[in-house]
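Student: I have a new model on my screen and would like to learn how to read it. Could you take me through it feature by feature?

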Amino acid sequence: MDDEPTQPEDSKLTRSKRAWAHEGRFLTGKTARPETERLPPGQHLVKNWPVLDLGEQPEVSTAQWRLDVAGLVENPRSLDWNALLALPQTERRSDIHCVTTWSRYANDWKGVSTRDLMDMVAPKADAAAVMLTSYDGYTTNLLLADFAAEDAVLAHSWQNEPLATEHGGPVRLVVPHLYFWKSAKWLKRIEFIGSDRAGFWEQNGYHMRGDPWAEQRYADD
Ligand SMILES: Nc1nc2c(c(=O)[nH]1)N[C@H]1C(S)=C(S)[C@@H](COP(=O)(O)O)O[C@H]1N2
Ligand SMILES: [Mo]
């Protein structure tokens, strides 16, 4: 016990780090932001979870479900349900911000992080963006850096329950730092592409990136 290292409790760095942790500095997770900054501009908080789709909610059983990962990758894959569950499983808590102005705090997701997926498929050097395609025909695009965000998850569970069909089960993407239209439900295909291309809403007047903190709602914002 005598030679137990002294804790540098009062060092300048430790004090700074404690202050940064308190402010949530350097963290991207919204949960670390001060409460006053947790809600992006123009948003209001809801307690329920609204359902938004194109009018069709495809019923895809876990037995039928496949996720094709294709395009500019070294190791293209077609994952079935068991292959998805065999990958490292990640839990993330994040807030939802929908472009229609509702936000919902503290959603607990479980699934495969996009970083672990990328470790498996190994995007090529010229991959710059991804195009997502869903079982209802929906598409949406993301820059590679946004897709690879630390808190982005291919989610199969929400609050410890299987993700409901209406919310995109068996598997949806969740990219919490962008408006929720980027978080494709009923995910079917991820294609790594060389340059960013507009998906469904992006072709219909929505912003190519959709950062809620910059209010990137529409194409001319
Ligand atoms: N496949 C698919 N994904 C989708 C959509 C859709 O119509 N089809 N709508 C998007 C939009 S506009 C929003 S706001 C969110 C809604 O997700 P929720 O219904 O779980 O709230 O899903 C996004 N992902
Ligand atoms: Mo939306």
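Tutor: Gladly. Let us begin with a term: contact means heavy atoms within 4.5 Å. Axes are lines fitted to C-alpha atoms, for helices over the stretch in contact, and angles run from 0 to 180 degrees between N-to-C directions. Helices (H or I, at least four residues) and strands (E, at least two) are DSSP runs, numbered from the N terminus. With those terms, helix α3 (residues 114–121) lies across β2 (66–71), β3 and β11 (187–193), and its angle to β3 is about 130°.

Tutor: Two notes on the source. This is a predicted model, where local features need pLDDT of at least 70 and side-chain atom pairs count only at pLDDT 80 or more, while totals for chains, interfaces and linings use all residues. Residues are numbered from 1 along each chain as its sequence is written, chains are lettered from A and ligands numbered from 1 in the order in which they are written, and side-chain values use heavy atoms, with hydrogens and water left out.

Student: How many helices and strands does the protein have?

Tutor: There are five helices and 11 strands.

Student: How do I read a sheet, and in which order do the strands of the open sheet come?

Tutor: Start from pairing: two strands pair if DSSP finds at least two bridges between them. Here five strands make an open sheet with mixed pairing, in the order β3-β2-β11-β6-β7. β3 (77–80) and β7 (139–143) are at the edges with a single partner strand each, so one side of each has no neighbour in the sheet. From one strand to the next, the twist averages 15°.

Student: In which sense do β6 and β7 pair?

Tutor: Strand β6 (residues 129–134) pairs with β7 in the antiparallel sense, over five bridges. For one bridge to look up, take Val 130, whose partner in β7 is Leu 142.

Student: How is empty space found?

Tutor: Rolling a probe the size of a water molecule over the atoms shows where empty space is left. On a 1 Å grid over the protein atoms alone, a cavity is a set of points where a 1.4 Å probe fits but cannot get out, and a pocket is an open set with protein on both sides within 12 Å along at least five of seven lines; lining residues have an atom within 4 Å of a point. Grid points are joined across faces, edges and corners, and a volume is the space filled by probe spheres set on the points.

Student: Which residues lie nearest the centre of the largest pocket?

Tutor: Leu 52, Asp 53, Tyr 138, Trp 181 and Trp 201 do, out of a lining of 21 residues. The space in this pocket is about 370 Å³.

Student: And what volume does the largest cavity have?

Tutor: About 40 Å³. β7 gives the largest share of its lining, three residues. The lining residues include Asn 141, Leu 142 and Leu 143.

Student: Is His 167 buried or exposed?

Tutor: Buried means under 20% relative accessible area, exposed over 50%, partly exposed in between (1.4 Å probe, protein chains only). His 167, in the loop between β9 (161–162) and β10 (172–174), is buried because its relative accessibility is 6%. Beyond its neighbours within four places in sequence, His 167 has contacts that include Trp 49, Pro 50 and Lys 185.

Student: What about Ala 219?

Tutor: Ala 219 is in the segment after α5 (200–203) and is exposed, at 55% relative accessible area. Its C-alpha atom is 6.8 Å from that of Met 208, 11 residues away along the chain.
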